[in-house]
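Me: I have a model open here and would like to talk it through with you, one piece at a time.

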Amino acid sequence: MSMQAEPAGAPPPPEAKQAGQDRAALSAGARQERRLGWLLCSPAVIVMLAVTAYPIGYAVYLSLQRYDLRFPAQAKFVGLSNYGAVLSSTFWWQAFWVTLFITGVSVAIELVLGMGLALVMHRTIFGRGSVRTAVLIPYGIVTVVAAFSWQYAWTPQLGYLAELLPSGSAPLTHQWSALWLIVLAEVWKTTPFMALLLLAGLALVPEETLKAAMVDGATARQRFFKVVLPLMKPAILVALLFRTLDAFRIFDNIYILTSGAHETGSVSILGYDNLFTALNLGIGSTISVLIFIAVGIIAFAFVKLFGAAAPGAEVKR
Amino acid sequence: MAAVGKTHATRWGVVNVVVVLYALFPVWWIAALSFKEPSTLTDGNYIPREWTWENYRGIFKTSEFTRALINSIGIALISTVIAVVLGTMAAYAVARLRFPGKRVLIGMSLLIAMFPPISLVSPLFNIERIVGIFDTWVGLIIPYMTFSLPLAIYTLSAFFREIPWDLEKAAKVDGATPAQAFRLVIAPLAAPGVFTTAILVFIFCWNDFLFAISLTSTRAARTVPAAIAFFTGSSQFQQPTGSIAAAAVVITVPIIIFVLFFQRRIVAGLTSGAVKG
């Protein structure tokens, strides 16, 4: 970069020459710094590429094969026909809509609950430390553990929550009730994370601005919707992006709660089943690649949203 | 004034209790299950009528669980060390040095952190079987790098931005090379951030389920979350509920310890990168 800034063409006057020498000396230091920077980053970069780029490339290759693990000798290049098979199958679309439903509903509920939780943590006048500690437990707990707790709670003859329902009902064995219970488990586990991200955004809202709004006669509701929320927009978008991409990958909760039975499987469950139950490496890889593309599209949409939203917000304030 | 303060306090007290109950109830429920006698397992009580260590004794008698516990601890620890060491080097460079490609690195780690693990499972399943690391510790540590390394880079970069770097300049004036300044001055200053990052990374590795059930087939490398899912009960006529509950509580203990002792740090680590970055 600094090399390009070097004056070119006509011989420079003595003064500029002096400056040029300074810059050359500087750029020797800069070059050393740059080399050290790359050197320090290279192991991390190499490892990250090796564990993601290489496998995903291999997944693309596998997705173009007919590859049944029971008959590996018959593996054969079949072009895009696996993609045709998956995209025209009702299983894929069923799982896709289930995943979108779980993602959309749970992230929406988490945003509302998380905001409430963030306000509690921000405003509570005592016990702040213990509230934060308690809230970190759902976040830190192993998802499988929490999922088993929910599963037992909703199992008739065993759980406390199942007893609240009319006898004979087994909510985990019906599509819609099971989906809502999956959403509940997901919301319980990840609302704290949402709340912590929002809390950090909340801390950036200047107290003076709120006081000024109060002096101007804004009600609590107006202060929240007209002052706090707009100022928190970047934090909210980041939290939404993180949670949406994370929710789209949902696997653990569904695997434990229903194993994807009764049409409650997500795309990740479908990919897993195709690989380990149907032993179809070609189709399994195709689903892997499609999920990767879907996540990419969601991320891209959010980044576009960021680009559109963040500078506008800055101009306004 | 005093009366107003009192009702105010009461209201917040109620809200706080609700939040704490919300957070802890499922944890309490599975803990209660783990202490119940097999005969009272189905009574639906929140508090065991008779407390027993039976379920815990049961799981610690089987190598199915103890081996899984060793696997979980070993794999999570090794992954954490590798991720934090590589992440510290990269984050130091990002926070401190001027070089092109910095933004690319942060962007890349964010992207990789969002990577759907299922997308890696099918290729890794095949690669690991061919290379011969399927169902080994290495076979799990490698995929754990996909989320632990970006998390480490991201969190550490945020922490390192807060360090008083002038001290490093002072060290350089005193004749230290950049590498020495890193090792002798900055590394000790950075230790708290590194430690917090290590806790977060450990929790993530400890939590993994998808890779653990996909890339293992025996107890050689199966971690506890995966092992629990395959529990069949101490004896063949017994429902595994009690064993699962006990094992679940055992792997929850470290998380609770981390949260109790390092609550402030974990909150800082989780939020600093996301907001300022």
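Me: Taking chain B on its own, what share of the contacts with a separation of 6 or more comes from residues 24 or more positions apart?
Reply: This is a predicted model, and in chain B, residues 24 or more positions apart account for 75% of the contacts with a separation of 6 or more.

Me: How much of chain B is buried?
Reply: Chain B has 277 residues, and buried residues make up 50% of them.

Me: Let's zoom in on one helix, α2 of chain B. Which of its residues are buried?
Reply: Helix α2, which covers residues 54-61 of chain B, has B:N55, B:G58 and B:I59 buried. These three cover an arc of only 90° around the axis, and they are therefore on the same side of α2(B).

Me: Why would residues a few places apart end up pointing the same way?
Reply: An α-helix has 3.6 residues a turn, so residues three or four places apart point the same way.

Me: And what is on the other side of α2(B)?
Reply: There, B:R57 and B:K61 are exposed.

Me: Switching to packing: how do α6 and α8 of chain B sit against each other?
Reply: Helix α6 (residues 137-160) and helix α8 (residues 178-207) of chain B pack at an angle of about 155°, with their axes 9 Å apart. Because an angle over 145 degrees counts as roughly antiparallel, α6(B) is roughly antiparallel to α8(B).

Me: Is that crossing left-handed or right-handed, and which residues make the contact?
Reply: The crossing in which α6(B) passes α8(B) is right-handed. On the α6(B) side the contact includes B:Y144, B:F147, B:L151 and B:F159, while among those from α8(B) are B:G193, B:V194, B:L200 and B:F204. By class, the residues of this contact divide into 13 nonpolar, four polar and no charged.

Me: Last topic, the partner chain. How many residues of chain B are in contact with chain A?
Reply: On the chain B side there are 78 residues, in contact with 82 residues of chain A. The element that gives the most to the side of chain B touching chain A is helix α11 (residues 241-276), with 17 residues.

Me: What classes of residue are on that side of chain B?
Reply: The side of chain B that touches chain A has 62 nonpolar and 15 polar residues, together with one charged residue.

Methods:
Residues are numbered from 1 along each chain as its sequence is written. Chains are lettered from A and ligands numbered from 1 in the order in which they are written. This is a predicted model: local features need pLDDT of at least 70, side-chain atom pairs count only at pLDDT 80 or more; totals for chains, interfaces and linings use all residues. Two residues are in contact if their C-beta atoms, placed from the backbone, lie within 7 Å. Helices (H or I, at least four residues) and strands (E, at least two) are DSSP runs, numbered from the N terminus. Ala, Val, Leu, Ile, Met, Phe, Trp, Tyr, Cys and Pro count as nonpolar, Asp, Glu, Lys and Arg as charged, and the others, Gly among them, as polar. A residue is buried if 20 or more other C-beta atoms lie within 10 Å of its own, exposed if 12 or fewer, and partly exposed in between; C-beta atoms are placed from the backbone. The arc is that of the directions from the helix axis to the C-beta atoms. Axes are lines fitted to C-alpha atoms, for helices over the stretch in contact, and angles run from 0 to 180 degrees between N-to-C directions. Angles under 35 degrees count as roughly parallel, over 145 as roughly antiparallel, 65 to 115 as roughly perpendicular and the rest as oblique. A crossing is left-handed if the near helix is turned anticlockwise from the far one by less than a right angle, and right-handed if clockwise.
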